[in-house]
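Open the model in your viewer and keep the selection panel at hand. The tour starts at the ligand and then moves to a pair of helices.

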Amino acid sequence: MHLLDYSSADLRSWCAERFGAGYRADQIRHWLFQRRAGDFAEMSDLPRKLRDELTDCCQLWTADVRAHRQASDGTEKLLLAWPDGETIECVLLREPRRTSICISTQVGCAMGCAFCASGLNGVSRNLTTGEITEQMLRLNRLLGDDERLSHIVVMGMGEPLANLDALLGALAGATDPKGLGISARRTTISTVGLPPAIRRLAELNVPYHLAVSLHAPDDELRNRLVRVNRQTGIEEILAAADAFFQATGRRVTFEYVLLGGVNDSPQHASRLAHLLRGRPALVNLIPYNPVAGLEFGTPRPEDVREFADVLDRRGITTAVRKRKGDRIDAACGQLRRIVGEGQSVTVDPP
Ligand code: SAH
């Protein structure tokens, strides 16, 4: 049994059935989510017999930490290998006013973004709720006693909206005040833009923050950069994003990876402004983080500035994302490609 696959209600029923004490579930979850426990033995307010029994019947951690990298800016990255040998990455980011984790939802990705390392070999499988939760708890365990997680971004490997059920299960634990206690508003789900799933998210009416990876102002260019766009098209994505805003009252962020000489001219910026005009949108510009083996390059700093200025002048709220953790290959799917199968690098289990 992978304990982290259980919702709090299911764990309660399981504990009630097995130990005749449903409330034990709350104690276990308190230890895991709030006290950052590493095993059942630490759960000192559980009877020893129960702790032993849990150790025998439940698997708490299922991943093997293949690599743990730390950058001087405080960014830490884990490469996790699941029992089937598949690997994923997750990241802890420390900034002055926020401490965030970035988590993965799939092994690989099927969306086919031409510049992204995660999808180069397609998708192998979805991650389970337990596997997504395990990333959150392992990263949480890297924090010092005086540190606390404030934000979650679902921007790791995979397309979150292609594995929405498993993700929502994990986020329920993250946002539960008795879980990690992170507010839905500080939880960002980043999607390539799958309209039916965006509408489903809108109908749930939970105030998660939605980010749509746009990367191009027109279908001609977007079809080349984001293969899945050929089946959807930008208009349909924007209509779904509008529905999300109407349902939740939350402004949608549009992410735009700036690829040098490809989508970063002032004309592209102007067309983007035209596309988003009248929409309560935020634009997040992300200078490309080069991926070995791909021909895309980082934009020139002056082009980034000019692009942002064009949007600003057209009244669109724009931010340029700082690059963090370059040296530890923190961008999605990069570390995984460098650390080969079975190779063990600076293993430092949480
Ligand atoms: N599939 C989801 C979430 C994962 S990627 C999505 O498409 O949004 C999170 C963001 O990082 C996306 O905007 C993605 O396009 C961007 N990204 C991927 N590779 C990158 C790279 N090498 N440099 C900069 N941003 C990258």
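Select the ligand and Thr191: a polar backbone atom of Thr191 sits 3.5 Å from an oxygen atom of the ligand, a polar contact being a pair of N or O atoms within 3.5 Å. The protein buries 94% of the 540 Å² that the ligand exposes when taken alone (accessible areas by the Shrake-Rupley method with a 1.4 Å probe).

This is a predicted model, in which local features need pLDDT of at least 70 and side-chain atom pairs count only at pLDDT 80 or more, while totals for chains, interfaces and linings use all residues. Residues are numbered from 1 along each chain as its sequence is written, and side-chain values use heavy atoms, leaving out hydrogens and water.

In Glu159, a side-chain N or O atom is 3.1 Å from a nitrogen atom of the ligand.

Finally, select helix 5 (residues 164-175) and helix 6 (residues 195-204), which pack at about 35° with axes 12 Å apart; helices are DSSP runs of H or I, at least four residues long. Leu164, Asp165 and Leu168 of helix 5 meet Ala197, Arg200, Leu201 and Leu204 of helix 6, contact meaning heavy atoms within 4.5 Å.

Definitions and conventions. Polar contact = N/O pair within 3.5 Å; in protein donor to acceptor, adjacent residues only side chain to side chain. Axes fitted to C-alpha atoms, helices over the stretch in contact; angles between N-to-C directions. Helix = DSSP H or I, 4+ residues; strand = E, 2+ residues; numbered from the N terminus.
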